[in-house]
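Here's a quick tour of a few spots worth a look in this model. Have the sequence and coordinates open as you read.

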Amino acid sequence: MLNFCKFPARSLVLGYDGIKPDNDFLSRLEKIRPFGIIIFSHNFTRLEDIPRAIEKFRSVVPDMEFLIDQEGGDKCRITKSPYCPPSPYSLRDKSNDIVRQVFRDSAEALAQLGITINLAPVADLGTGLYIRNRTFGTEPQKTAELVVSAIEGIIAGGLKPCVKHFPGLGCADIDPHKKIPVCDTTAQEFENYHWSTFRQSIENGIEYIMTTHILAPSLDAELPATYSNKIITRLRELEFRGKIFTDDLAKMKGAQIFPPQERITRALTAGNDVALWCAQEW
């Protein structure tokens with residue numbers, strides 16, 4: 001069993017099994033005092049299951065955040081409108097106002113359920129086959145504008161957004177859920193191209209950014225971004241002062257190069273502020 005009590009309070013986001021959190025899980029949360037709980041589709045059969053579970057969680061840790069992935073299109077835990085915006089790629093030629101409105105509508109609906117953070121929008125450029133349909137396109141300036149519009153919509157709807165996936169999954173043709181992508185993108189290409197959307201997000205006051213499980217030898221020849229102080233330092237050098245989240249360390253194969261407990265330790269030591277462990281198996 002993982003000893004989550006050894007990590008600082010507010011440094012973990014945890015997943016859970018089933019519809020109703022059991023008493024053992026709740027008692028452990030009270031000791032761990034995580035940053036938040038992430039909601040997946042297996043945690044509800046009806047939408048009213050979500051606020052009921054959140055009420056239970058808040059009874060033991062009142063200041064927790066409640067996170068969900070509602071990027072749009074196929075990447076939504078709640079698939080119906082307005083909770084799930086259209087696919088970002090389908091919005092790539094739409095106006096900033098349209099993008100802002102659909103993400104605001106989504107955030108307002110999610111806020112009614114008790115959700116506080118949407119792990120969106122995707123700020124990657126859609127150059128690689130794996131991530132393309134989850135992005136707002138391949139042209140840096142237009143994509144950056146739409147990312148900022150989505151951020152503005154999420155905030156206007158009452159949630160906090162988290163842009164992802166630094167240093168950029170646009171270079172990946174392999175799903176990091178299955179293995180670590182190795183990106184041969186040069187440091188200059190990252191700096192001048194893939195980071196344009198992240199810079200715009202930072203300039204517009206984004207509070208959260210998520211890293212990803214890719215190996216980018218031009219930035220760090222040894223460690224994937226999740227565990228790389230070199231890469232996280234580059235993010236800080238873009239003048240980002242908010243919290244840095246990992247992607248899931250529990251189930252994604254790209255993260256599983258270390259034993260479970262060591263994954264969290266290494267991710268936090270590298271400079272991530274919050275480690276996502278999207279499973280109840282501790």
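## Ile180 and its contacts

Setting aside neighbours within four places in sequence, Ile180 is in contact with His213, Ile214, Leu215, Pro224, Gly254 and Ile257 (contact means heavy atoms within 4.5 Å). Ile180 itself is found in the loop between E7 and helix H5 (187–194). Helices here are DSSP runs of H or I with at least four residues, strands are runs of E with at least two, and both are numbered from the N terminus. Ile180 and Ile214 are 34 residues apart along the chain, yet their C-alpha atoms are separated by 5.5 Å.

## Ground rules

This is a predicted model, with pLDDT of at least 70 needed for local features and 80 or more for side-chain atom pairs, while totals for chains, interfaces and linings use all residues. Numbering runs from 1 along each chain as its sequence is written, and side-chain values use heavy atoms, leaving out hydrogens and water.

## The largest pocket

The largest pocket holds about 270 Å³ of space. A pocket is an open set of points on a 1 Å grid over the protein atoms alone, where a 1.4 Å probe fits, with protein on both sides within 12 Å along at least five of seven lines; lining residues have an atom within 4 Å of a point. The volume is the space filled by probe spheres set on the points, which are joined across faces, edges and corners.

Its lining has 21 residues, with Arg77, His177, Asp247, Asp248 and Met252 nearest the centre. By class, the lining splits into ten nonpolar, two polar and nine charged residues (Ala, Val, Leu, Ile, Met, Phe, Trp, Tyr, Cys and Pro are nonpolar, Asp, Glu, Lys and Arg charged, and the others, Gly among them, polar).

## H1 against H2

Helix H1 (residues 23–32) packs on helix H2 (residues 49–60) at about 45 degrees, with the axes 9 Å apart. Axes are lines fitted to C-alpha atoms over the stretch in contact, and angles run from 0 to 180 degrees between N-to-C directions. H1 supplies Phe25, Leu26, Leu29 and Glu30 to the contact, and H2 supplies Lys56, Phe57 and Val60. That makes five nonpolar, no polar and two charged residues.

## H4 against H6

The axes of helix H4 (residues 140–156) and helix H6 (residues 196–203) come within 8 Å and cross at roughly 35 degrees. Among the H4 residues in this contact are Val147, Val148 and Ile151, and H6 brings Ser196, Thr197, Gln200 and Ser201.
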